[in-house]
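Trainee: Hi, could you walk me through this one? I'd like to ask things as they come up.

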Amino acid sequence: MNVGRIVHVFNDNSRKEPFSNHETRTIVVSIFYPAEVENAYNNETNYVELFEPCTENALSVLKDMGVDIDYFRSIKTQIHNNAKPNLTLNNYPVVLYAPAFGVVRDMYTYHIQQLVDYGFIVVSIGSTYESIFSIFPEGRFVKQAEKISQINGTDFQFWRELLETRIEDILYVMNHFEELQSQLSSKPFDFGNIGIVGHSLGGAAAFEAARRGTRIKAGVMLDASFHLLNLNENVKINTPFLIMRQEKCTHDELRNEFSEGIITPFVDGFERLYTLLSGYKSFVKVQGAHHMTFSDVPMHYKEEKISEKHKTISNYATSFLSEFIQNKTETYQSLLGSMQFNKIVEINKKGEPI
């Protein structure tokens with residue numbers, strides 16, 4: 001399926017921008033939707049078009065991060081900027097997408113394209129001054145704030161401030177869906193059926209937004225920042241959740257992944273989440289996955305077999321949302337029942353295989 005993409009900027013004048021003394025909070029989002037293209041025989045586009053109108057600025061930052069720019073320019077997608085919508089259904093459920101710390105909002109194309117193919121409209125939510133860069137449609141290019149680039153992993157107060165900013169951004173977008181809807185010049189959004197996907201810091205934000213926003217019907221947490229969750233043991237969360245983790249999950253396996261100051265609260269947070277989710281819940285790990293596998297980033301660095309891992313993640317996460325948002329009975333549970341042991345493994349609260 002061809003996917004259209006429209007970029008929109010929200011201006012939340014009720015909040016001051018945390019990392020700028022003279023701005024109010026701006027939230028840049030991308031809306032992905034089924035689209036028509038003129039040439040059906042050549043429906044691929046270049047990945048770099050996601051960074052218009054600041055392509056060269058973006059490539060300069062990525063080059064400094066070690067990306068092979070010639071290879072990067074060769075990556076293809078089926079995403080077309082400002083394409084004509086092809087909305088044939090009466091309405092479309094919405095999936096909000098919250099990226100990992102520093103990751104640009106649209107660097108999840110492997111999953112976003114499948115979600116649109118399954119009948120969802122996807123809204124990826126950027127985080128101005130936190131992402132390595134943010135691109136505004138009028139040509140403004142904002143790099144990551146220096147204070148954020150130097151954040152210490154154990155500065156939990158600062159991390160929770162970033163998390164709270166993310167949560168407020170998500171809730172603001174949810175409360176202004178009509179503004180997004182107007183961008184497609186029709187009424188395709190199903191406001192009663194909202195899903196959310198979040199990776200890393202975005203995973204923690206997705207959970208907290210679902211806890212506060214009753215319209216979110218199901219969520220997927222991709223290797224989330226469990227140590228930052230605010231989990232009150234007296235509160236049960238009924239929202240269905242799929243929690244997908246990297247291959248290394250147990251306390252011992254994580255010793256080489258985290259500092260001692262993070263590993264204990266991280267493991268404890270995961271165990272509390274396991275206990276407090278009272279609705280349908282599924283905890284799995286993806287064989288061969290590391291933390292950034294859940295984004296497009298490994299693709300940028302030509303990681304071997306990343307397309308296979310992306311396919312696994314996308315199939316399970318999309319099937320979960322189809323079952324609990326689109327009411328396609330047992331779509332996910334049937335897939336999980338097939339138990340592709342070489343790809344997906346169910347885990348217990350200790351991160352151990354069941």
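Trainee: Where is the place of Pro53?

Mentor: Pro53 sits in the loop between β3 (45-46) and α1 (55-64). Keep in mind that this is a predicted model.

Trainee: What kind of peptide bond joins Glu52 and Pro53, cis or trans?

Mentor: A cis one, with omega at about 5 degrees. As background, most peptide bonds are trans, and most residues other than glycine have a negative phi.

Trainee: Is Ser200 buried or exposed?

Mentor: Buried, because its relative accessibility is 9% and the cut-off for buried is under 20%.

Trainee: And Lys305, what is its phi?

Mentor: Lys305 has a positive phi of about 60 degrees, and it is not a glycine either. You'll find Lys305 in the loop between α9 (297-300) and α10. Lys305 counts as exposed, with 63% relative accessibility.

Trainee: Let's move to helices. How do α3 and α10 meet?

Mentor: The axes of α3 (residues 109-117) and α10 (residues 306-325) come within 9 Å and cross at roughly 40 degrees. The two helices are therefore oblique to each other. The crossing of α3 past α10 is right-handed.

Trainee: Which residues make that contact?

Mentor: From α3 they are Tyr110, His111, Gln114 and Leu115. From α10 they are His310, Ile313, Ser314, Asn315, Ala317, Thr318 and Leu321.

Trainee: How many of the residues in the contact of α3 with α10 are nonpolar, polar or charged?

Mentor: Five are nonpolar, six are polar and none is charged.

Trainee: What about α10 and α11, at what angle do they pack?

Mentor: About 145 degrees, and the axes of α10 and α11 (residues 331-338) are 6 Å apart. On the α10 side the contact includes Asn315, Tyr316 and Phe320, and on the α11 side Tyr332, Leu335 and Leu336 are among the residues involved. The contact of α10 with α11 divides into six nonpolar residues, six polar and one charged.

Trainee: Changing topic: how many aromatic pairs does a search of the whole structure find?

Mentor: It finds 24. One of the pairs is Tyr97 with Tyr108, which is tilted, at 5.1 Å centre to centre and 40 degrees between the planes.

Trainee: Which parts does the pair of Tyr97 and Tyr108 tie together?

Mentor: Tyr97 lies in strand β7 (residues 92-98) and Tyr108 in the loop between β7 and α3, so the pair links parts that are 11 residues apart in sequence. Tyr97 is buried, at a relative accessible area of 1%. Tyr108 is buried as well, at 0%.

Trainee: Can you give me another pair?

Mentor: Phe177 and Phe191 are stacked, with 5.7 Å centre to centre and 20 degrees between the planes. Phe177 is in helix α6 (residues 177-181) and Phe191 in strand β11 (residues 189-199), so this pair ties together parts that are 14 residues apart in sequence. Phe177 is buried at 0% relative accessibility, whereas Phe191 is partly exposed at 25%.

Trainee: Which residues form one aromatic cluster?

Mentor: Phe226, Phe258, Phe266, Phe270, Tyr274 and Phe283.

Trainee: Back to the loop between β7 and α3. What about Met107 there?

Mentor: Met107 lies in that loop and is buried, with a relative accessible area of 2%. Leaving aside residues up to four places away in sequence, Met107 touches Tyr47, Phe51, Leu62, Phe133, Ser295, Asp296, Val297 and His300.

Trainee: How far apart are Met107 and His300?

Mentor: They are 193 residues apart along the chain, and their C-alpha atoms are separated by 9.7 Å.

Trainee: Last one: where does Ser149 lie?

Mentor: Ser149 is in helix α4 (residues 146-149) and counts as partly exposed, at 45% relative accessibility. From Ser149 to Ala83 it is 66 residues in sequence and 35 Å in space, C-alpha to C-alpha.

Terms used: Residues numbered from 1 in each chain as written. Predicted model: local features only at pLDDT ≥ 70, side-chain atom pairs only at ≥ 80, totals over all residues. Heavy atoms only, no water. Axes fitted to C-alpha atoms, helices over the stretch in contact; angles between N-to-C directions. Helix = DSSP H or I, 4+ residues; strand = E, 2+ residues; numbered from the N terminus. Parallel < 35°, antiparallel > 145°, perpendicular 65-115°, else oblique. Left-handed = near helix turned anticlockwise from the far one by under 90°. Contact = heavy atoms within 4.5 Å. Nonpolar A, V, L, I, M, F, W, Y, C, P; charged D, E, K, R; others polar. Phe/Tyr/Trp six-rings, centres within 6.5 Å; stacked < 30°, edge-to-face > 60°. Buried < 20%, exposed > 50% of the residue type's maximum accessible area, 1.4 Å probe, protein only.
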